[in-house]
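Q: I would like to go through a model feature by feature. Please give the general idea each time, then the case at hand.

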Amino acid sequence: MSKRIQSFFQPIPKKPKVEPSSPDPSQPSNALDIEQEQEEQHEEEQQLPLTHHPAYPFPIPNLPPHLSKALSNISSTPKPITNHPHLDLLYFQPLLPPQTAHYLFHFLRSSLPFYKVQYTIHRGQTPTKITTPRNTTVFGVDATSTFTHDEGNKSLLCTKTNTPPPSPRYKCHPRPIPPCLEHLRQTIQSVTNTPPDYYNFILVNYYASNTDSISYHSDDERFLGPNPSIASLSLGAKRDFLLKHKPGIQAGPLKFPLASGDMVVMRGETQANWLHSVPKRAGDGGGRINVTFRRALVPGGTENYYRYNVGDGGVWRWDGDRGSMVLVGGEESSG
């Protein structure tokens, strides 16, 4: 195995590197004063335990203690936004303090496997190949199944019978939420007063630059059930989050400039009546991670999320030396 390929499977990511050409708005303003603290935290990360699972392409490190402690002490009051037709939002500005958001962004970007999913859609009789204009990853399984609490394996079981689900249930390979994201999930459920274990899926998008985007859409699939609650946490570069009402009612559009550590929770009739997007913008604002929390009710949701956020392509991982996502086992880079 070459040294380059072997480096992808080192258990602990390198010390976070902020590109000087793309200032990170979440970088603490007193970076020189905390340089010693960063060195101590970097040494601490070298000893982090790893989480293994057959469905993970490589082991995923647990959160550093300083991030675990910070997430355990989050207290933030949201601003409800309900003064538009069929709109029910909670706006946390911010949810996470700047330094916590900064370290969490770099940790997740370095630690998680990402994908550049390709799929085909048919517009009339014409097939069109789509490449997702961002890196994505996903963890979790719908409400009909659950993972055991055995840290060594976490086998998949049927929720009702507590036995392995029938083999035709999934074509994909569901994977459990790793501890680093599980801690974040519990924090989000606490601050939003969401029922325990409501969110059973975590989708992570990495926008490498301002040219990465997601077009207008709504998360109104049947497998989410009526009036789903979806929490969306922003880390890294500030990006605009746009909403517009579906045809039929003149309302909006609305724009939220989401900074690192901000979070929007879409609830009630929002998904049934509103579309949202993160558009391209001019300039190079640096990388952004969007972590979304949601609940799928049936196996169709599991199949959908893994198809469009993992797919059949290669695994990408952040390379701190290159300052970009690199295909594991290959030379191609992405942002």
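A: Start with strand pairing: two strands pair if DSSP finds at least two bridges between them. Helices (H or I, at least four residues) and strands (E, at least two) are DSSP runs, numbered from the N terminus. This is a predicted model, in which local features need pLDDT of at least 70, side-chain atom pairs count only at pLDDT 80 or more, and totals for chains, interfaces and linings use all residues. Residues are numbered from 1 along each chain as its sequence is written, and side-chain values use heavy atoms, with hydrogens and water left out.

Q: Which residue stands opposite leucine 243 in β16?
A: Histidine 276 does. The strands β13 and β16 (residues 274–278) pair in the antiparallel sense over four bridges. β13 is also joined to strand β14 (residues 254–258) by five bridges, again antiparallel; there, phenylalanine 241 stands opposite phenylalanine 256.

Q: How many of the seven residues of β13 are buried?
A: Buried means under 20% relative accessible area, exposed over 50%, and partly exposed in between (1.4 Å probe, protein chains only). In β13 (residues 239–245), six of the seven residues are buried.

Q: What is a nonpolar core, and which residues have the most contacts inside the largest one?
A: In soluble globular proteins, nonpolar side chains tend to be buried together. A nonpolar core is a set of buried Ala, Val, Leu, Ile, Met, Phe, Trp, Tyr and Cys residues joined through side-chain atoms within 4.5 Å. The largest here has 42 residues, and Leu181, Leu235 and Val291 have the most contacts inside it. Helix α4 (residues 98–111) gives the most to this core, with six residues. Apart from it lies another core of 35 residues, including Tyr207 and Phe256.

Q: Where is serine 110 found, and is it buried or exposed?
A: Serine 110 is found in helix α4 and is buried, with a relative accessible area of 8%. Twelve of the 14 residues of α4 are buried. For polar side chains, look for polar contacts: pairs of N or O atoms within 3.5 Å; within protein, one must be able to donate a hydrogen and the other to accept it, and residues adjacent in sequence count only if both atoms are side-chain atoms. The side chain of serine 110 reaches the backbone oxygen of histidine 106 at 3.0 Å.

Q: What does the side chain of asparagine 290 reach?
A: The backbone oxygen of leucine 233, at 3.3 Å. Asparagine 290 lies in strand β17 (residues 288–294) and is buried, at 6% relative accessible area.
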